[in-house]
Amino acid sequence: MDFTLPPLLTAMVDRGNGLLWGSVLIYLLIGAGLYFTVMTRAIQIRYFGHMFKLLRSSRQSNGGISSFQALSTSLAARVGTGNLAGVAVAIYFGGPGAIFWMWMTAMVGMATSFVESTLAQAYKTDHGDNTFRGGPARYIERGLGLRWLAVLFSICLIIAFGLAFNSVQANSIAQAMEQAFAIPTWAMGLVLMAIVAPIIFGGLKSIAKVAELVVPLMALLYLILALVVVALNISDLPAAIMTIVQSAFGIEQAAGGAMGYAISQAIMNGIQRGLFSNEAGMGSAPNAAATASTRPDHPAAQGFIQMLGVFLDTLVICTATAAIIIMAGPELLAGENSNGIQLTQMALSSHVGDWGGMFVAIAILLFAFTSVIANYSYGESNIEYLAGRRAPVAVMIYRFAVLGMIMVGSVASLGAIWNFADLSMGMMAIINLVAILLLSPIAFALFKDYDTQLKAGKEPVFDPSQFPKLAKKVDPKAWPKQK
């Protein structure tokens, strides 16, 4: 079964995606990341160690959602098939140098993630059950007073993350399981629905608890395997790193006169796949960041934690996939149809044997499954925002819609749905980036306040009264403490 759109609508969607992802978003995302990096004086470098220090004390949440659980939820959405298939596509079309530009994208994206997650915390609202809700929709309405723009953002997010991407993730799982273990796609769809249903019907606390358990385990197992591959090929490691750097600047192609084209392909594919993977600036992760009970009790604390999410997703997990592929040798890239997940499977099998392909299938199952429940949580938060008092009924309808999309995704070809979701995600990214650029002075002030208290030897505590532009816009129930 194949879902298709009318030709005119297909052309419009394709043209919109070409405009957004081919030029506008790349410059806007990178430009915003560079601006935030300069204004915070490279916060991602100066406070690199502080991110890990905060992570060690982030598990206490007083019955709510801890900073670690919020990080795990955002990582569940970030770490998906893009870390396996996306990296392979970047290398196949952009060469090994694309990985260098993925790294650069992640570095500036860490600053963007700090700003959007700090704002999400500052404008979060009390949900009445020791948890909070927030994200771009709420800081757009509360901070900018643009309710209509906040509603548009929420609709785009629900379409992209809540529904379409969950179908795509289910499709990836079903196809991988059918290829590796001959499990029918319809059967895998039913299994997925049975596993996902009790988790999403348990609400955001249930999702946070599952993410807290599964995400660190799946990432650790994958990284251990990657380290084994590197250890088995340790003599090739310097050459692999040199290949990435040389390819990034077209040095290898300079003699052939194709230097300019090689650099452009490496940059374009590296940046695009990096942005898809770590989601910095997209406006998705702030929905998870806002749910946390932070420690220290300050919005900037979750900003630092979410910076770590970008680092782990791209600079750690994507690099692990790149090492597996590049160390398999250049002849692998020359094969027909050796792009996407097949390339990763072939590369791993060349290192460890035939069971490598099955391991990748299981990794897809875990990575995509956690993405499904995290994507659902983003949608639920925005459904509640849109529905207001009717939220319980709307959320219940949304849950059944998500389960239906999982089944549809398992058995259908979703090219059209994927393209439409890309367009929705592109629109929400533009809305979010404009909003955080306008609200960035508040994020910078919160960072300065946190930094001042930290350097004075105090545990930072947020006092809204010290911020005239914030005092009347924050939820007093969400921030009851005063310095």
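This is a predicted model: local features need pLDDT of at least 70, side-chain atom pairs count only at pLDDT 80 or more; totals for chains, interfaces and linings use all residues.

Biologist: Salt bridges, then. How many salt bridges does the count come to?

Modeller: The count comes to 4 salt bridges. One of them is formed by arginine 133 with glutamate 384, where the closest N and O atoms are 2.8 Å apart. Arginine 133 lies in strand β3 and glutamate 384 in helix α17, so this pair ties together parts that are 251 residues apart in sequence.

Biologist: Are arginine 133 and glutamate 384 buried or exposed?

Modeller: Arginine 133 is buried, at a relative accessible area of 4%. Glutamate 384 is buried as well, at 14%.

Biologist: What else does arginine 133 touch around there?

Modeller: Serine 381 touches Arg133, and also Gly134, Arg138 and Asn287, if residues up to four places away in sequence are not counted. Serine 381 is found in helix α17, which covers residues 355-387. Its relative accessibility is 1%, so serine 381 counts as buried.

Biologist: Back to the salt bridges. Which residue does aspartate 451 pair with?

Modeller: Aspartate 451 pairs with lysine 455, the closest N and O atoms being 3.2 Å apart. The two are 4 residues apart in helix α19, so about one helical turn separates them. Aspartate 451 counts as buried at 10% relative accessibility, whereas lysine 455 counts as exposed at 62%.

Biologist: And which residue does glutamate 141 meet?

Modeller: Its side chain meets that of arginine 147 in a salt bridge, at 3.4 Å from N to O. Glutamate 141 is partly exposed at 29% relative accessibility, and arginine 147 is partly exposed at 37%.

Biologist: Switching to cysteines. How many disulfides does a search of the whole structure find?

Modeller: The search finds 0 disulfides. Cysteine 156 is buried, with a relative accessible area of 5%, and cysteine 318 is buried with 3%.

Biologist: Now helix α9. What span should its 17 residues have?

Modeller: Helix α9 runs over residues 185-201 and should span 24 Å at 1.5 Å a residue; its end C-alpha atoms are 24 Å apart, which agrees.

Biologist: What do the buried residues of α9 pack against?

Modeller: They pack against α8, α10, α17 and α18. The buried residues of α9 include Met188, Leu192, Val196 and Ile200.

Biologist: Which glycine follows α9?

Modeller: Glycine 203 follows α9, and its phi is positive, near 85°. Glycine 203 is found in helix α10, residues 203-232. This glycine is buried, with a relative accessible area of 9%.

Biologist: Which residues is glycine 203 in contact with, leaving aside neighbours within four places in sequence?

Modeller: Glycine 203 is in contact with Glu380 and Arg399. The C-alpha atoms of glycine 203 and tyrosine 376 are separated by 9.7 Å, and those two residues are 173 residues apart along the chain.

Note on methods. Residues are numbered from 1 along each chain as its sequence is written. Side-chain values use heavy atoms; hydrogens and water are left out. Buried means under 20% relative accessible area, exposed over 50%, partly exposed in between (1.4 Å probe, protein chains only). Contact means heavy atoms within 4.5 Å. The expected span of a helix is 1.5 Å times one less than its number of residues. A disulfide is a pair of cysteine sulfur atoms within 2.5 Å.
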